[in-house]
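Biologist: I would like to learn how to read a few features of a model. Please give me the general idea first, then the case at hand.

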Amino acid sequence: MTLVGSYVALSKPLVAIFPVLLLAWLRFGVAALAMPHWLRRPDGEAPMTRRTRGLVFLESFLGNFMFSICMLFGVSMTSAVSAGVIMASIPAMVAIASWLFLRERITLRIGLAIGCAALGIGLLALAPTAGTHGAAQGGAPGNHSPAAMPWLGNLLVFCAVLCESAYAVIGKSLTGKLSPKRISSLINLWGFVLSTPFGIWWALRFDFASVEVGMWALLCVYALAASIWTVWLWMTGLKRVPAAQAGVFSVMLPVSAAVVGVAVLGESLSSLQLIAFAVALLGVVLATWPSRRKALRHGNV
């Protein structure tokens, strides 16, 4: 989740150069070249059923393709810190979705952790954000100006929140059937297929020679982080952690997005925002601190 927040913030310079739909296609394409060997079914893994194939498609369409489109368009219209405020709802949305669809029980401590996560990052809404929108001005052809429809960027980021909650819940179901590496490769391949018509249309109209070498390097890092590293880490973790508890860790997404926005993109950070981050991280501590029962089970008093 820390890596996700970092690449969400670092995608702002990329959406200033590439049209969003072209950027999404390039991301999936670069990652597809890096992990074709992950598509092979491991020994001992059962063939995919029709339901599993449907879940893989939904995981890619909602949590990969639509999340990328909504988030990239959204951050092109708002600041990384503002996006962090909206993404504060991710832990709560994941918990609600896991309760509805996976029938997971939300314990008191997980509930308090979700509350801390939402409250901490929600405090960002009260903090001054002067100067944070300057970096969002302009953009590549096909990317709307943030000054034209500022409400749309916030709405798209919230749609990305909904996609992220679906990603967590569906991913939890898939980890019991497929290996994390195979899930990563399959959903990236679907993302590439879904974005290809839009990507080709924009590629025929885009001047690739105008892109500097540094931006190509950033694009490669963005593609590897978004489609390989983060997906594999998330799916591997979901094999061992309930979805509601994993959702608490999504608080690191807005935290790291805001930190990168300040440290790299020159956005502002106030003392109230620092307090907000501390409260949010308290939620992670509450969710992960071993219970007394578990400590006694492992012989620790």
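Biologist: How many salt bridges does a search of the whole structure find?
Modeller: Side chains of opposite charge can pair when their charged atoms come close. The cut-off for a salt bridge is a side-chain nitrogen of Lys or Arg within 4 Å of a carboxyl oxygen of Asp or Glu. The search of the whole structure finds one. Glu45 and Arg182 form a salt bridge through their side chains, at 2.7 Å from N to O. Glu45 sits in the loop between helix 2 and helix 3, and Arg182 in helix 8 (residues 180-203), so the pair ties together parts 137 residues apart in sequence. Helices here are DSSP runs (H or I, at least four residues), numbered from the N terminus.

Biologist: What should I know about the model itself?
Modeller: This is a predicted model, where local features need pLDDT of at least 70 and side-chain atom pairs count only at pLDDT 80 or more, while totals for chains, interfaces and linings use all residues. Residues are numbered from 1 along each chain as its sequence is written, and side-chain values use heavy atoms, with hydrogens and water left out.

Biologist: Are Glu45 and Arg182 buried or exposed?
Modeller: Buried means under 20% relative accessible area, exposed over 50%, and partly exposed in between (1.4 Å probe, protein chains only). Glu45 and Arg182 are both buried.

Biologist: At what angle do helix 2 and helix 3 pack?
Modeller: Helix 2 (residues 20-34) and helix 3 (residues 50-75) pack at about 135°, and their axes are 10 Å apart. That makes helix 2 oblique to helix 3. Under 35 degrees is roughly parallel, over 145 roughly antiparallel, 65 to 115 roughly perpendicular, and the rest oblique.

Biologist: Where is Tyr7 placed?
Modeller: In helix 1 (residues 2-15). Tyr7 counts as buried at 9% relative accessibility. Its C-alpha is 7.2 Å from that of Ala225, 218 residues away in sequence.

Biologist: Where does Trp232 sit, and why does Trp232 count as partly exposed?
Modeller: Trp232 is in helix 9. Its relative accessibility is 33%, so Trp232 counts as partly exposed.

Notes: Helix = DSSP H or I, 4+ residues; strand = E, 2+ residues; numbered from the N terminus. Axes fitted to C-alpha atoms, helices over the stretch in contact; angles between N-to-C directions.
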